[in-house]
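We will go from stop to stop, with something to select at each one.

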Amino acid sequence: MSTSRNYISKLIQQIQKNNSILDSIKPSLFESVVAEAITRNNTLLEVSKKASESLDFIGRYRDQLGKINSFAIETKQFQKAVEASQIHSLATKAAQLNIDKSYLVTNSNFTKAAIEAAASYKSHLELIDRSGL
């Protein structure tokens, strides 16, 4: 992540006060904000942009119990709802890479079918929509 973590933390505070900021930031900055927010209470060991796997980020972190976990983040900065096909695509890519937990994060929302699809992956996939950000 090329933007400083301090800048990203300040931006997260601004978004918490006014989430309409999500609609005006560049996709790469949106990705960095999401990665920071997801890993902020853990010791981040590694985050890398993996375009070859077509995921926005993959990484590893040490949780509060000391366990090392892997994660994948896919962001969708949309004006429309995220579809179930995008959920299945993320889950497939994450499984191929043996990822512990995947996050699909959007500044929009999810279709009912997308929510149902995510539920089939239980604790391995988490959806975060505009209200969750």
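Start at the largest pocket, whose volume is about 160 Å³. A pocket here is found on a 1 Å grid over the protein atoms alone, as an open set of points where a 1.4 Å probe fits, with protein on both sides within 12 Å along at least five of seven lines. Grid points are joined across faces, edges and corners, and the volume is the space filled by probe spheres set on the points. Select Ile12, Val33, Ala37, Gly132 and Leu133: of the 13 lining residues, these are the closest to the pocket centre. A lining residue has an atom within 4 Å of a point.

Colour the lining by class and you will find 10 nonpolar, 2 polar and 1 charged residues. In this scheme Ala, Val, Leu, Ile, Met, Phe, Trp, Tyr, Cys and Pro are nonpolar, Asp, Glu, Lys and Arg are charged, and the others, Gly among them, are polar. H1 and H2 each supply at least two of the lining residues, and the largest share, 4 residues, comes from H2.

A word on what you are looking at: this is a predicted model, in which local features need pLDDT of at least 70 and side-chain atom pairs count only at pLDDT 80 or more, while totals for chains, interfaces and linings use all residues. Residues are numbered from 1 along each chain as its sequence is written, and side-chain values use heavy atoms, with hydrogens and water left out.

Now switch to a cartoon view. The protein has 4 helices and 5 strands, and from the N terminus they run α-α-β-β-β-α-β-α-β. These elements are DSSP runs numbered from the N terminus: helices are H or I, at least four residues, and strands are E, at least two. Of the 133 residues, 40% are buried; buried means under 20% relative accessible area, exposed over 50%, and partly exposed in between, with a 1.4 Å probe and protein chains only.

Next, select Ile38, Ile73, Tyr103 and Val105. They have the most contacts inside the largest nonpolar core, which has 20 residues. Such a core is a set of buried Ala, Val, Leu, Ile, Met, Phe, Trp, Tyr and Cys residues joined through side-chain atoms within 4.5 Å. Helix H1 (5–17), helix H2 (27–39), strand S2 (55–62), strand S3 (68–76) and strand S4 (101–106) each give two or more residues to this core. H2 gives the largest share, 6 residues.

Stay with Val105 and show its surroundings. Leaving aside residues up to four places away in sequence, Val105 touches Phe30, Val34, Ile38, Glu74, Thr75, Lys76, Ile128 and Leu133, where a contact means heavy atoms within 4.5 Å. Apart from this core lies another, of 16 residues, including Ile58, Leu90, Leu104 and Ala117.

Select Ser102 next, in strand S4. Is Ser102 buried or exposed? Ser102 counts as buried because its relative accessible area is 2%. Beyond its sequence neighbours up to four places away, Ser102 touches Ala72, Leu90, Ala94, His124, Leu125 and Glu126.

Asn98 sits in the loop between helix H3 (84–96) and S4, and has a positive phi of about 55 degrees although it is not a glycine. Asn98 counts as exposed because its relative accessibility is 64%. Lys122 lies in the loop between helix H4 (112–119) and strand S5 (125–128); its phi, near 50 degrees, is also positive in a residue other than glycine. At 66% relative accessibility, Lys122 counts as exposed.

Finish with some C-alpha distances. In helix H1, pick Gln16, which is exposed at 55% relative accessibility.

Not counting residues up to four places away in sequence, Ile115 touches Phe110 and Leu127.
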